[in-house]
Amino acid sequence: MAKRYRSAGEITFDVFNYVVLGIIGIAAILPFLFVVAGSFATEAEITKRAVFLIPTTISLDAYRFIFSTDTIVRSIGVSLYVTVIGTAVNLFFTVTMAYPMAKRYLMGRNLILNLVIFTMLFGGGMIPTYLVIRELHLLDTLNALILPGAISAFNLIIVKNFFQELPAEMEEAARIDGCTELGLLWRIVLPLSKPVLATFTLFYAVGHWNNFFSALLYINDPSKWPLQVMLRQIVMLSQSAAGDLSSMDPNFVQPPEQSIKMAVIVVGTLPIMCVYPFLQKHFAKGVMLGSVKG
């Protein structure tokens with residue numbers, strides 16, 4: 001096969017793209033590196049240096065303050081529970097509803113699809129949702145953070161479109177071999193849907209991990225607060241709480257307020273960032289597969 005020589009214009013265009021994307025990538029990662037460095041910095045260094053990526057003196061006072069009690073560890077456990085169970089619930093209901101919706105012979109399919117689209121445009125609002133949660137006796141329970149958002153209408157439509165694009169011949173061959181609908185979903189459809197399922201697993205997991213507003217509305221017991229709410233409380237009460245700790249322990253060094261905020265950001269971001277490398281390769285393929293045909 002003859003080697004194709006690229007023109008000067010194509011090379012210039014590629015170089016331009018690499019430069020622009022490299023600048024954008026650096027601009028995106030530098031703020032986070034600054035936050036990580038600031039979380040390990042001392043009060044004097046944060047005051048004197050506006051921006052730095054490597055602290056002159058490494059201090060763990062901010063992290064000692066955050067983990068001075070077991071509340072953070074408990075809130076991390078709550079967030080992990082809500083994220084894992086909530087994501088499993090999301091995927092279960094999304095898949096089990098998207099699969100029959102992908103069958104064109106399903107009676108009432110268009111009506112159900114229109115109702116799903118209607119929920120994307122109109123919602124009950126915060127107060128009616130709270131009243132529903134209260135009447136279902138979900139207040140002050142972790143189920144209040146999981147069940148109300150069990151299905152995302154947008155994600156449902158994307159997954160439905162993906163299932164719809166799978167070759168019908170494979171399903172017919174499986175049925176001829178005696179495969180049931182449940183067996184067809186489990187043995188044929190789901191193994192072929194790994195990219196889209198991995199993508200929306202990450203979307204659902206990030207949504208649960210970062211969600212704090214629902215906990216503020218529905219959870220009154222501090223022992224059931226997820227990590228994001230607990231970190232919010234630490235940021236808001238850092239100065240007064242640090243003053244209390246310094247009065248109890250004369251050797252305690254009060255960490256700077258900005259350092260606490262930066263350490264809070266690192267603690268809240270790092271766990272979910274560890275999931276990205278395992279699902280990153282499925283991102284582009286998973287989102288695009290079900291987004292073209294309707």
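How are helix 4 and helix 10 oriented to each other? They are oblique to each other, on a scale where angles under 35 degrees count as roughly parallel, over 145 as roughly antiparallel, 65 to 115 as roughly perpendicular and the rest as oblique. The points below give the context.

1. Basis of the note. The model is predicted, so local features need pLDDT of at least 70 and side-chain atom pairs count only at pLDDT 80 or more, while totals for chains, interfaces and linings use all residues. Residues are numbered from 1 along each chain as its sequence is written, and side-chain values use heavy atoms, with hydrogens and water left out.

2. Overall content. The chain has 15 helices and 0 strands; helices (H or I, at least four residues) and strands (E, at least two) are DSSP runs, numbered from the N terminus. Of its 294 residues, 35% count as buried. Buried means under 20% relative accessible area, exposed means over 50%, and partly exposed lies in between, with a 1.4 Å probe and protein chains only. Among contacts with a separation of 6 or more, 72% come from residues 24 or more positions apart, a contact being heavy atoms within 4.5 Å.

3. Helix 4 against helix 10. Two packed helices are described by the angle between their axes and the distance between the axes. For helix 4 (residues 71–101) and helix 10 (residues 194–210) the angle is about 140° and the axes are 9 Å apart. Axes are lines fitted to C-alpha atoms, for helices over the stretch in contact, and angles run from 0 to 180 degrees between N-to-C directions.

4. On the helix 4 side the list includes Ser79, Leu80, Val82, Thr83 and Gly86, and on the helix 10 side it includes Leu197, Phe200, Thr201 and Trp209. By class, this contact of helix 4 with helix 10 has 9 nonpolar, 8 polar and no charged residues. Here Ala, Val, Leu, Ile, Met, Phe, Trp, Tyr, Cys and Pro count as nonpolar, Asp, Glu, Lys and Arg as charged, and the others, Gly among them, as polar.

5. Tyr204. This residue is in helix 10 and counts as buried, at 7% relative accessibility. Not counting residues up to four places away in sequence, Tyr204 touches Thr87, Asn90, Leu91, Thr94, Ile151, Ser152 and Asn155. Tyr204 and Val89 are 115 residues apart in sequence, and their C-alpha atoms are 9.8 Å apart in space.

6. Helix 5 against helix 7. Helix 5 (residues 109–121) packs on helix 7 at an angle of about 145°, with the axes 9 Å apart. Arg109, Leu113, Val116, Ile117, Thr119 and Met120 in helix 5 meet Ala153, Phe154, Leu156, Ile157, Lys160 and Gln164 in helix 7. The contact of helix 5 with helix 7 has 8 nonpolar, 2 polar and 2 charged residues. Also in helix 7 is Ile158, which counts as buried at 9% relative accessibility.

7. Aromatic pairs. The structure holds 8 aromatic pairs. Rings of Phe, Tyr and Trp (its six-membered ring) pair if their centres lie within 6.5 Å; planes under 30 degrees apart count as stacked, over 60 as edge-to-face and the rest as tilted. The Phe34 and Phe52 rings have centres 5.7 Å apart and planes at 75°, so the pair is edge-to-face. Phe34 is in helix 1 (residues 8–39) and Phe52 is in the loop between helix 2 (43–48) and helix 3 (61–66), so the pair links distant parts of the chain, 18 residues apart. Phe52 is buried, with a relative accessible area of 3%. Phe92 and Phe93 also form an edge-to-face pair, at 5.3 Å centre to centre and 80° between the planes; Phe93 counts as partly exposed at 36% relative accessibility. Tyr99, Phe162 and Phe163 form one aromatic cluster.

8. Backbone points to check. Most residues other than glycine have a negative phi, and most peptide bonds are trans. His137 is not a glycine but has a positive phi of about 60°, and Asp140, also not a glycine, has one of about 65°. His137 is in the loop between helix 6 (126–135) and helix 7 (153–165), and Asp140 is in the loop between helix 6 and helix 7. His137 is exposed, with a relative accessible area of 68%, whereas Asp140 counts as partly exposed at 25% relative accessibility.
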